[in-house]
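I opened this model to keep a notebook on its helices, its pockets and a few single residues. The entries below follow the order in which I looked things up.

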Amino acid sequence: MGSRSASFLPTLSVVVVLSVWEFASRYLGISAHILPAPSVFCRSLVENAPILTRSSLITLQAIGVGFGVGAVAAIPLGFSIGLSPALERSLYYVIVLLNTLPKVALAPLLVVWFGHGLVSKVVLIAIGAFVPVLVDSIAGFKYLDRRLLYVSRSAGASLFQTFLFIRLPAALPHIVSGLKTSLIIAVTVAIVVEYVAATDGLGFVAMRAVTNDDLPLVFATITVGTLIGFGVNAVMSVVEWLLLPWKGA
């Protein structure tokens, strides 16, 4: 009974919020040009389904490529920094700079360098995804029980075997946590950067809708972006379950 209520309550809360929103929009005189009712932007969602579907696929392509590039670059570097205090000290301020850098503010500069299109989006998404994975990878590879290394050395394990069977499994929870965080950041950055550095994608559709004073389409685009966020989070939860089955035990 407890598990059923735990899964039912979030759905109920969403229904209540949408119902109050619908009531307020219809009966309290709130203009549709300010806050369209859920029924209104859901109708827009259905009417614009073809373009929203195509734009979602374009945005997902940018997210997948940018996230992949950022993660692939971050994990090996995190391993290297985790094993080398000197390298960590050398790159500390660079990592802090990347972490505090307002990524979206780079969009106009990337447009100048790479033009409007996929490359600009991928570069910015990769930068946004890079730092969380890097920081968590460093933590995972750095904070390891040294006794495990002594045991592996006494057993004659090679460096590769030590990495594969000791260092990587110990670091995986941190790495997966960084991947989950960076993937949500990638979704946000992808949609926002499409406002200024793209000629397609969900962000571009939303910007055109704002220009045309089509608020229902804007909210429909936001809804699709939210669904994408939920979707990628669900995918990462499955990946986490596959890589870390003991966490669900």
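**Entry 1: the bend in H8**

I began with helix H8, which bends by about 45° at Leu 172, with a proline, Pro 173, following within four residues. I took the bend at a residue as the angle between axes fitted to the seven residues ending there and the seven starting there. Helices (H or I, at least four residues) and strands (E, at least two) are DSSP runs, numbered from the N terminus. I then looked up the span: H8 covers only 42 Å between its end C-alpha atoms, while a straight helix of 35 residues would span 51 Å at 1.5 Å a residue. The expected span is 1.5 Å times one less than the number of residues in the helix.

I note that this is a predicted model, in which local features need pLDDT of at least 70 and side-chain atom pairs count only at pLDDT 80 or more, whereas totals for chains, interfaces and linings use all residues. Residues are numbered from 1 along each chain as its sequence is written, and side-chain values use heavy atoms, with hydrogens and water left out.

Arg 167 has its place in helix H8, residues 159-193. Is Arg 167 buried or exposed? I found Arg 167 buried, with a relative accessible area of 12%, where buried means under 20% relative accessible area, exposed over 50% and partly exposed in between (1.4 Å probe, protein chains only). Not counting residues up to four places away in sequence, Arg 167 touches Phe 79, Leu 83, Phe 141, Leu 144, Leu 149 and Thr 162; contact means heavy atoms within 4.5 Å.

Gly 178 also lies in helix H8, and Gly 178 is buried with a relative accessible area of 0%. Leaving aside neighbours within four places in sequence, Gly 178 is in contact with Pro 132, Val 133 and Asp 136.

**Entry 2: the whole protein**

How many helices and strands does the protein have? I counted 10 helices and 0 strands. Of its 249 residues, 37% count as buried, and the C-alpha trace spans about 75 × 55 × 30 Å along its principal axes. Among contacts with a separation of 6 or more, residues 24 or more positions apart account for 73%.

**Entry 3: the pockets**

I looked for pockets on a 1 Å grid over the protein atoms alone, a pocket being an open set of points where a 1.4 Å probe fits, with protein on both sides within 12 Å along at least five of seven lines; lining residues have an atom within 4 Å of a point. The largest pocket holds about 320 Å³ of space. Of the 13 residues that line the largest pocket, Val 14, Leu 18, Phe 41, Thr 223 and Thr 226 are the closest to its centre. Helix H10 gives the most to this lining, with 6 residues. The second largest pocket has a volume of about 180 Å³, and H4 gives the most to its lining, with 5 residues. A volume here is the space filled by probe spheres set on the points, with grid points joined across faces, edges and corners.

**Entry 4: Asp 213**

Asp 213 sits in the loop between helix H9 (202-211) and H10, and at 46% relative accessibility Asp 213 counts as partly exposed. The phi of Asp 213 is near 60°, a positive value in a residue other than glycine. Most residues other than glycine have a negative phi.
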